[in-house]
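Let's take a friendly walk through this structure, from whole chains down to single residues. Have your viewer ready, and follow along as each part comes up.

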Amino acid sequence: MDGSGTMTRMLWLQGASCGGCTMSILESGASGWFDELRQSGIDLVWHPSVSEQTGDEVVDLLEAIRDGRERLDLLVLEGSVARGPGLTGRFNMLAGTNRSIYHWLLDLAPLADYVVAVGSCAAYGGIPAAGVNPTDAVGLQFEGSDVGGALGASFRSKRGLPVINVAGCAPHPGWMMESLLALTNGDLTARELDGFGRPTFIANHLAHHGCSRNEFYEFKASAETMSERGCLMEHLGCRATQAVGDCNQRSWNGGGSCTKGGYACIACTSPGFESAQNYLQTAKLAGIPVGLPTDMPKAWFVALAALSKSATPRRVRVNATADHVVVPPSRSGDKRSS
Amino acid sequence: MTRITVGPFNRVEGDLEVRLDIEQGRVARAEVTAPLYRGFEQILEGRPPLDALVIAPRICGICSVSQSIAAAGALRQAMGVATAPNGVLATNIAHAAENAADHLTHFYIFFMPDFAREAYASQAWHGAAAERFTATKGSAAREALPARARLLEIMGVIAGKWPHSLAFQPGGTTRAIELGERIRLNAIAASFRGFLERVMFADKLENVVALSTPDELDRWRDGRGGDFAHFLAVADALSLADLGKGPGLLMSFGAYHDSDGARFRAGIRASNGEVEALPSDRITEDVSHAWMRETSLDPAESRTVPDADKADAYSWCKAPRLAGQPVEVGALARQAVDGQPLITALLAADGSNVRNRVIARLIETAQLALSIEGWIKALRLNEPFCLNSGDTADGNFVGLVEAARGSLGHWLAVRSGRIERYQIIAPTSWNFSPRDAGGIAGPLEQALVGTEVGAAGARAVGIQHVVRSFDPCMVCTAH
Ligand code: SF4
Ligand code: SF4
């Protein structure tokens with residue numbers, strides 16, 4: 001990272017997290033994540049779930065980084081920053097140090113070349129910030145969709161970048177690894193981040209792109225109850241036309257995705273997704289879904305939907321409300337289909 | 001007497017701090033602290049009940065399917081709906097895959113690396129253990145992590161993604177499996193079996209689950225390759241059967257229900273070996289040493305209100321009790337309550353301890369691999385996977401399930417169509433409970449007493465073994 005050919009030193013910390021981002025990234029790499037890191041020139045100086053050093057060995061390491069005796073290239077945070085109660089951070093103490101994660105992060109973040117928030121918690125606050133936000137949870141540099149967060153709007157890491165937000169709950173292992181590698185290669189600059197700090201190679205896509213239900217979407221042939229095959233947008237809450245992510249263009253766990261799994265995209269890559277309610281029901285006004293694609297005039301959408309509904313092939317219409325394919329595709333002249 | 005603090009206690013799921021009073025080189029008293037609170041129970045209050053399917057799994061990234069199933073169980077009661085038989089089977093397959101993946105992660109990534117530590121450098125077995133299990137560098141992780149990722153492809157088929165899926169609904173699962181997908185499930189199950197038979201056991205799974213006495217286990221181990229035998233050899237060299245004695249009472253909520261009943265029975269096992277029905281109405285949660293305001297002891301009636309300045313409190317974890325007693329939960333308890341012969345015999349020989357907890361997890365891993373194969377076969381592909389859900393009624397409802405680490409319960413109160421209260425008691429809340437109002441220590445606090453620390457103090461590796469033998473999940477604990 002510093003051009004001298006040495007390994008990139010990465011410290012991974014967990015704030016108010018569920019550990020799910022780590023569980024997801026452990027799926028990365030053909031011969032395992034640890035090999036993948038080594039092969040990529042990343043030295044994992046410490047990670048709470050996987051490293052040997054424990055107790056005062058870790059405290060020594062953190063103090064050495066804080067005091068400038070050890071270099072820090074990548075600081076990764078998983079989980080929200082719990083600032084409460086009353087900005088003491090006591091809802092989330094770093095065990096053995098008598099100091100909160102919040103305050104450790106204030107010490108360490110300015111020392112890192114790059115600061116990476118993995119997961120929507122570290123990025124924007126995420127689930128711990130939902131409802132009454134009992135712990136005053138925020139993201140590293142965002143509080144929901146407002147810039148600020150634990151480190152403040154003006155924070156820049158040593159290499160001049162704001163916090164890189166690899167959003168998602170949990171994020172795809174590829175999103176995390178590719179972001180880390182792009183940073184170590186020097187390929188991820190401020191220009192490659194969107195307005196919410198997300199790498200554009202992820203955020204330039206919508207979760208809706210490549211959904212296996214796209215044909216149903218085109219004809220507004222909709223599933224009415226869970227496990228049916230139709231599009232999930234009209235009735236079952238799908239927000240993938242508004243949520244960024246290449247979720248349906250790459251496979252999760254060897255071939256899945258939310259909508260392939262049969263349930264709605266809840267826009268987990270978006271700041272504030274935790275504040276929605278009735279996730280699996282589409283909010284409607286006068287029968288029209290409230291959350292329509294943002295870059296399309298509503299009247300056009302409604303007109304097109306009416307038109308396409310009137311043109312829906314029987315196969316698509318029937319299959320939309322079935323859990324198994326009832327009418328298979330057929331070609332005219334197919335001798336065996338009649 | 002000296003007091004030492006161990007933390008950050010890593011290679012567990014989440015955050016943990018342990019304070020120990022040391023007398024003559026041994027632990028005389030332990031205090032276990034969960035230093036993280038997020039407030040899921042408060043976050044859930046006031047929401048539409050079905051939102052629990054989104055929020056509750058996110059308590060934990062390592063057992064999110066278990067959390068989903070507990071929430072779906074409580075909601076199923078609230079809706080008065082049945083589950084499609086295929087949905088039950090698909091849930092079992094995914095749940096067993098998650099629990100088996102947890103056992104793998106625990107064994108290879110969290111637990112075994114301690115045997116590679118410098119502290120054991122003088123031992124004859126250390127070289128082999130270090131080559132195999134050194135954290136992030138040993139040869140085992142290169143095989144175990146890809147095997148785990150492959151196993152979790154079951155989630156791609158059944159649940160869309162992992163962790164945090166919405167596939168587990170009160171009426172079943174949201175993805176109807178087609179023939180090609182069943183074939184993929186078979187292939188994944190076969191490759192999991194292959195990993196276990198080649199790498200972990202170096203034997204057929206059928207032979208592993210048939211082991212029924214400690215003598216058979218010892219004979220089986222001798223001369224065998226594989227990581228289970230490797231563990232057994234080190235465990236004997238270090239007398240791990242004498243380390244980390246649990247409090248005696250073991251509990252299981254029962255798991256993997258299908259048309260034949262539960263794959264693992266529910267119940268409690270007393271220290272005299274008797275197994276009895278589970279008095280689930282006698283579960284309480286005490287907050288006397290938790291940073292929480294006083295509330296009802298009954299999880300169906302209590303609320304969670306943090307009080308960070310409370311005197312005498314030392315953890316965000318509450319103290320669950322069964323009929324007033326601290327209880328150990330986990331694979332050992334599950335197998336004991338189910339009457340598994342080898343585990344029953346091991347418990348009779350030397351009680352719950354570090355060695356037996358690990359053995360129970362690995363035996364269970366072999367059982368789960370076999371059960372997954374059976375459930376995949378039992379799917380009836382042309383029938384539904386999910387039945388329609390109705391509206392939720394008002395009232396109090398419970399979802400009880402076994403996560404990898406033990407008994408998990410969600411207590412849901414619905415009023416006027418909204419969540420009025422939501423209480424969660426997680427497995428590690430049982431095992432890592434602080435003291436209760438009567439001053440009775442939690443299971444780990446009891447298990448640590450007597451552990452030798454010698455001159456190593458906070459660095460004593462025995463403490464690491466005892467704590468990790470429970471496979472703690474701290475993010476679940478205080479939630
Ligand atoms: S289900 Fe969602 S992602 Fe799929 S086509 Fe419909 S709107 Fe798009
Ligand atoms: S499809 Fe939606 S909910 Fe699912 S991972 Fe992508 S952004 Fe998140």
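Helices (H or I, at least four residues) and strands (E, at least two) are DSSP runs, numbered from the N terminus. The model is a predicted one, in which local features need pLDDT of at least 70, side-chain atom pairs count only at pLDDT 80 or more, and totals for chains, interfaces and linings use all residues. Residues are numbered from 1 along each chain as its sequence is written, chains are lettered from A and ligands numbered from 1 in the order in which they are written, and side-chain values use heavy atoms, with hydrogens and water left out.

**Chain A as a whole**

Chain A contains eleven helices and 13 strands. Its C-alpha trace spans about 75 × 45 × 35 Å along the principal axes. Of the 338 residues in this chain, 60% are buried, where buried means under 20% relative accessible area, exposed over 50% and partly exposed in between, with a 1.4 Å probe and protein chains only. Taking contact as heavy atoms within 4.5 Å, 68% of the contacts in chain A with a separation of 6 or more are between residues 24 or more positions apart.

For residues 18-183 of chain A, an unreviewed UniProt entry lists "domain: NADH:ubiquinone oxidoreductase-like 20kDa subunit". UniProt positions are given in the numbering used here, feature names are shortened, and annotations may be inferred rather than shown by experiment. That stretch is 30% helix and 18% strand, and its end C-alpha atoms lie 25 Å apart.

**Two residues in contact**

Which residues does Val244(A) contact, leaving aside its neighbours within four places in sequence? They are Arg198(A), Ala203(A), His205(A), Leu206(A), Ala207(A) and Thr269(A). Val244(A) sits in the loop between helix H8 (214-218) and helix H9 (258-261) of chain A, and it counts as buried because its relative accessibility is 14%. From Val244(A) to Ala182(A), 62 residues apart in sequence, the C-alpha distance is 19 Å.

Thr269(A) belongs to the loop between H9 and strand E12 (284-285) of chain A. With a relative accessible area of 4%, Thr269(A) is buried too. Not counting residues up to four places away in sequence, Thr269(A) touches Ser120(A), Tyr124(A), Ala167(A), Gly168(A), Trp175(A), Arg198(A), Ala243(A) and Val244(A). A separation of 9.5 Å lies between the C-alpha atoms of Thr269(A) and Ala123(A), which are 146 residues apart along the chain.

**Nonpolar cores**

A nonpolar core is a set of buried Ala, Val, Leu, Ile, Met, Phe, Trp, Tyr and Cys residues joined through side-chain atoms within 4.5 Å. The largest has 219 residues, and those with the most contacts inside it are Tyr108(B) and Phe231(B). H4(B) supplies the largest share of this core, 14 residues. Apart from residues up to four places away in sequence, Phe231(B) touches Phe107(B), Phe111(B), Met112(B), Phe115(B), Leu240(B), Arg355(B), Val358(B) and Ile359(B). A second, separate core of 33 residues includes Trp46(A), Val81(A), Leu94(A) and Ala167(A).

**A helix pair in chain B**

Two packed helices are described by the angle between their axes and the distance between the axes. In chain B, the axes of helix H3 (residues 64-79) and helix H4 (residues 85-111) come within 8 Å and cross at roughly 140°. Axes are lines fitted to C-alpha atoms, for helices over the stretch in contact, and angles run from 0 to 180 degrees between N-to-C directions. H3(B) is therefore oblique to H4(B); angles under 35 degrees count as roughly parallel, over 145 as roughly antiparallel, 65 to 115 as roughly perpendicular and the rest as oblique. On the H3(B) side the contact is made by Ser64(B), Val65(B), Ser66(B) and Ile69(B), and on the H4(B) side by Thr91(B), Ala94(B), His95(B), Glu98(B) and Asn99(B).

**Backbone details**

Most residues other than glycine have a negative phi, and most peptide bonds are trans. The table lists some exceptions.

| Site | Backbone value |
|---|---|
| Gly7(B) to Pro8(B) | cis, omega near 0° |
| Trp162(B) to Pro163(B) | cis, omega about -5° |
| Asn253(A) | phi near 45° |
| Asp471(B) | phi about 50° |

Pro8(B) is in the loop between strand E1 (2-6) and strand E2 (17-23) of chain B. Asn253(A) lies in the loop between H8 and H9 of chain A and is buried, at a relative accessible area of 7%. Asp471(B), in the loop between helix H17 (461-469) and helix H18 (474-478) of chain B, counts as buried at 1% relative accessibility.
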